[in-house]
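Please keep the viewer open as you read.

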Amino acid sequence: MPYPARVNPHLERARAHSKAWAYGMDMVDVPQRGTVIWNEHDLDSHDYALLCAYTHPDAGADELDLITDWYVWVFYFDDHFLERYKRTGDIDSARTHLDRIELFMPAEGEITATPENPVERGLADLWHRTIPHRSAAWRRRFVESTKALLEESLWELANINEGRLANPIEYVEMRRKVGGAPWSANLVEHSVHAEVPDEIAASRPMEVLRDCFADSVHLRNDLFSYQREVQDEGELSNGVLVFEKFLGLTTQEAADAVNDLITSRLHQFEHTALTEVPALFDEHGVDPAARAATFAYVKGLQDWQSGGHEWHLRSSRYMNEGAVDSRPQAARILSSVLATAPQRMRAYRHTPFHEVRVERPAVEPPFPVRLNPHLDRCRRRNVDWARTTGLLDGVVWDERKLRAADLPLCAAGIHPDAPAERLDVTSDWLTWSTYADDHFQETFGATRDLAAAKAWRARLALFMADGPRPAPLNPLETALADLWPRTEDRGAVRRAVESMTGSWLWRLVNLAQNRIPDPIDHVEMRRRTFGAELSMVLTSPHRARPAIEHLAADYGGLLNDLYSYRKEIRFEGELTNSVLVVRNFLGCSEERAFAVVTDLAEARLAEFRHAADESAGHLRHWLAGVAHWHENAGRYTGTELGYHPWSGGPTGIGTSSLRISSLLPATPV
């Protein structure tokens, strides 16, 4: 915890106000269907005013009163939901309850429904006191985060009813919603009177800041609430329990691992705020006032972290006996920084191109594989197309490398019912994107030239734009210019390509800094670096729910990391591989990291089987085809690892800096 905690001077006023407000909303000593949710002692000992005074130290008196009321309401909702629905397992009544709550938070217009219980009554009052003072963009974000906070309680209830424990990736994703930290982040904007500009609110750096904030808040809460939730409530949604069961750890070892993950997320928060946000301002031309507002918001998130930690040390709601540290804050912060420094430095100390001794496991396709009957024809035509467009340039690829990659095999598996022409387009896109990946690694992986990489990416965007396009300057642009007129659903394809190539810039920055990424950031970016969205868009005009697509993409990306580990680590010096990320985070052997990544892939697949319905049939083909391709193509086999067309054979390690000039455009960009 590297930030100092400060207490708002209006604490006592907020205590008195929030207590009177809770009584006025019938939250205290008023039975709900025969059950008293809170008595006065409960409310006093939880001390939500202290939480808000710590987490919003600079808020004015009226703002602190309002924010404290919001937190009284959200904790009351949580305890009310526990007593009425979690303990009884009544998921139908829970859904009806949540449907009614939505009536009291319209983004526009007046509330027309009549409150029937303290949850609805409190929300109606708070909505009237908050929403009129904020912009339409903020209201939209706040409505979304409030709905997510409420609705995802059903996920927790369903897991309890099924006795189902989430896997770590699923847990972190869902905890962000049900845990409420994104909702808290919206209230930080409100309390500091500084809204994040709408043009950057959905950007990667701002999303990473919110996610790091959310994960740190929720995982810290899991440490303090483990005893209450797991032993008293029978809760399964606790990060310590998830780590304990998934990784086969003791409770204390799992708690230590969760604590390390909190540290990693705070390091990621700092890294993003210092290195990515300033560049984001420049990219979007954000004016000085909006920059100041954004940094005020970032500081507000820091205050929430430190203040939330102090409150957890003191609230009777949690396991914290003897936890208060009596040392001065400066000493505590210094101790925290020193204690976590080895973990911070470990991410930058990796030695690239090291020997790989572990063997990957064979993987069976998760669903039956059907190969498109036009595969043989597609293979022949794909070689001709690659030769005609110049992809077989003898620098990045030659015909041997193309045939070993066998992208038509992947296309035939993920798109089994496509007519011949559509299969050709899918195959050519997979070929183009794989060549582009290798081209990017060869060209920029050696030079670490981020400015040139951005210019390279901007050039590609010109060939996917409406209207006239420039003349191609290299094989990659020539192939893209040929592909684009043959492509259906161009808007979705363009977004997928730009997402994929944009994520490669993130990968390049990590290479330049010799930084192994934070595990959660890696998983979420791996969906993009792998190009999962592009291949999914090509195979079906129908999209599944984002959560279902994420499950499939995670399985594909984790599987790819298992197969490509030797290629990327030994021959390319890559840092964004799940096996390496897990090995660095857990401080474990390659064998153990391989086992953990394999288990994660299987867990995401099991979750897909559990959650996907009939509308996700195209994703079953996608999963089967991707797995079949990895096992049967030659791209990751021993004879092809490290092979370069211009060397005539395997090159050993670290040779990607050779012949870079032949990969760049003939004229300046």
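## A buried tryptophan pair

Trp 70 has a relative accessibility of 0%, so this residue counts as buried (buried means under 20% relative accessible area, exposed over 50% and partly exposed in between, with a 1.4 Å probe and protein chains only). Trp 183, at 2% relative accessibility, counts as buried too. The model you are viewing is predicted, so local features need pLDDT of at least 70 and side-chain atom pairs count only at pLDDT 80 or more, while totals for chains, interfaces and linings use all residues. Residues are numbered from 1 along each chain as its sequence is written, and side-chain values use heavy atoms, with hydrogens and water left out.

How many aromatic pairs does the structure hold? There are 31 aromatic pairs, where rings of Phe, Tyr and Trp (its six-membered ring) pair if their centres lie within 6.5 Å, and planes under 30 degrees apart count as stacked, over 60 as edge-to-face and the rest as tilted. Trp 70 and Trp 183 make an edge-to-face pair, with 5.8 Å from centre to centre and 75° between the planes. Trp 70 belongs to helix α4 (residues 61-86) and Trp 183 to helix α10 (residues 181-192), so their pair ties together parts that are 113 residues apart in sequence. Helices here are DSSP runs (H or I, at least four residues), as are strands (E, at least two), numbered from the N terminus.

Phe 77 is buried at 2% relative accessibility, and Phe 81 is buried with a relative accessible area of 1%.

Trp 70, Trp 183, Phe 77 and Phe 81 are among the members of one aromatic cluster, which also includes Trp 138, Phe 213 and Trp 304. Trp 138 is also touched by Glu 189, a residue of helix α10. Glu 189 is buried, with a relative accessible area of 2%. Its other contacts (heavy atoms within 4.5 Å) include Arg 141, Glu 195 and Tyr 297, not counting residues up to four places away in sequence.

## Charges over rings

The charged end of Arg 609 sits over the ring of Phe 367, 4.7 Å from its centre. Arg 570 lies over the face of Phe 571, at 5.9 Å from the ring centre. A charge sits over a ring if NZ of Lys or CZ of Arg is within 6 Å of the ring centre and within 35 degrees of the ring normal.

## Two loop residues

Asp 26 is not a glycine, yet has a positive phi of about 65°. Asp 26 is found in the loop between α1 (11-24) and β1 (31-32), and is partly exposed with a relative accessible area of 30%.

Asn 514 also has a positive phi, near 50°, in a residue other than glycine. The loop between α23 (490-513) and α24 (519-529) holds Asn 514, which is partly exposed at a relative accessible area of 24%.
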